[in-house]
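These are my notebook entries on a few points I looked up in a predicted model.

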Amino acid sequence: MPKVHSTKDILKTRFLGLRPVELISLLYIFLTGFYIIIFTPKVTDFNTLLLVRVLVPFVFLMMALSVKWQEKYKVLDFVRYAFPLSLIAYWYPETYYMNECLFPNLDPLFISIDQWLFGCQPSLEFSRAFPSNWLSELMYFGYFSYYIIIAFVTAYFYFTDRKLADKTLFIVLCSFFVYYILFIILPVVGPQFHFADNQVPSGYFFQKIMVSLQASGEKPTGAFPSSHVGMSLILLFIIFKYARRFWLYFVPVVVVLIFSTVYIKAHYVIDVIGGFASAPLIYWFSDRAYKWMSKIVENGERRTES
C-alpha cells in the first residue's frame, strides 16, 4: 500500500493558493481564450465561451482562498480535487465551436488515408462483418470503460496517496488539454457524423448508456488523434507504474476499448494509429509540465514564507 500523505502536507505546497492542476487549467483557459479572441468572426457561441473563461478562474480563486475550510472539512478538499476533472465534460464538446478556424473539415483526407491503407473503410466494414448484438454490447462496454478507467485512476490515488494523486490528476488533465488543442486545430468529426450509413448492430445495457451520453454531450469534433485510445494508454501506463497489481485487470478492457472505437464508428483507423503514436509523447510532455509547474508552486511558496 502506498504511503498516505495528509491533506495538510499537500496544502503547504501552493503558489498564490493555486495547485499545479489549477495552473495548467488556467493556462489552457488563457490559450484557448486568446485563440477565440483572434478568430472571433469564425467562432460560434463566442459569448458563452468567453463567460466560462471568466467564471472558472473565479471558482479556482475562491477554492484557493478557502484552504482553511478544506483542512477542516475534507469533503471540500475532495470537491476542489474533482472540480478541474469534472470540467473535461465541458471542455471536450466546446472544441466543436472553434475547430474550423484554421482548416475546413478534414474527414475526406482521413477517409482517403484509410482507403489507401486498407483498400476499404474499416469503420464501415467492421460492424458489417460481425453483426452480433452481443459483440456490439461488448464494444459499447469497451467504449464506456473509458470513463471507468478515468474514475478509477483519479479516485484510487486520492484515497491512498494524495501527493501522487495530485501528480496523476495533473498528467491526466494536461494530456486531455493537449488532445483538445489538437481537436481545435484539426477538425475531424469521425465516421459516425461524416457517413450517412453509420448504423451499428443493436446492443443492450451499455449501448443505451452510450447513446444517452452521446445524445446529451457529443459533438461532431475530436476524432483525430483518438483521445479514447491515447488517454486509455496513458491511464494504463499510470496504473502500470503506480498501481501495478491492477494492471492486468485493465489490459483486456483497454484492448476492447481500442477495437470499439472503430466498431461503433467513433473513429477511423488512422485516428487509432494517431492515438497510439501520440500517447507516449503527450505523457512525456505532461510529466515534464508537472515537474515544471510544481517547481513554480514550491518557489512561490518559499518566497511567500520568507
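**Entry 1: Q70**

I looked up the polar partners of Q70 and found that its side chain makes a polar contact with the side chain of S66 at 3.1 Å. I then noted a polar contact of 3.2 Å that joins the side chains of Q70 and R80. I located Q70 in helix α4, residues 67–72. Is Q70 buried or exposed? I recorded 1% relative accessibility for Q70, so this residue counts as buried.

**Entry 2: α9 and α10**

I next examined helix α9 (residues 133–160) and helix α10 (residues 162–185), whose axes come within 6 Å and cross at roughly 150°. Because angles over 145 degrees count as roughly antiparallel, I describe α9 as roughly antiparallel to α10. I noted that the crossing of α9 with α10 is left-handed. Which residues of α9 and α10 make the contact? From α9 I listed Y146, I150, T154, F157, Y158 and T160, and from α10 R162, L164, A165, T168, L169 and F176. I sorted the residues of this contact into eight nonpolar, three polar and one charged.

**Entry 3: A289**

I turned to A289, which lies in helix α15, residues 269–305. With 10% relative accessibility, A289 counts as buried, because the limit for that class is under 20%. Leaving out residues up to four places away in sequence, I found that A289 touches F170 and C174. I also checked A289 against L109: the two are 180 residues apart in sequence, and their C-alpha atoms are 32 Å apart in space.

Technical notes
Residues are numbered from 1 along each chain as its sequence is written. This is a predicted model: local features need pLDDT of at least 70, side-chain atom pairs count only at pLDDT 80 or more; totals for chains, interfaces and linings use all residues. Side-chain values use heavy atoms; hydrogens and water are left out. Axes are lines fitted to C-alpha atoms, for helices over the stretch in contact, and angles run from 0 to 180 degrees between N-to-C directions. Helices (H or I, at least four residues) and strands (E, at least two) are DSSP runs, numbered from the N terminus. Angles under 35 degrees count as roughly parallel, over 145 as roughly antiparallel, 65 to 115 as roughly perpendicular and the rest as oblique. A crossing is left-handed if the near helix is turned anticlockwise from the far one by less than a right angle, and right-handed if clockwise. Contact means heavy atoms within 4.5 Å. Ala, Val, Leu, Ile, Met, Phe, Trp, Tyr, Cys and Pro count as nonpolar, Asp, Glu, Lys and Arg as charged, and the others, Gly among them, as polar. Buried means under 20% relative accessible area, exposed over 50%, partly exposed in between (1.4 Å probe, protein chains only). A polar contact is a pair of N or O atoms within 3.5 Å; within protein, one must be able to donate a hydrogen and the other to accept it, and residues adjacent in sequence count only if both atoms are side-chain atoms.
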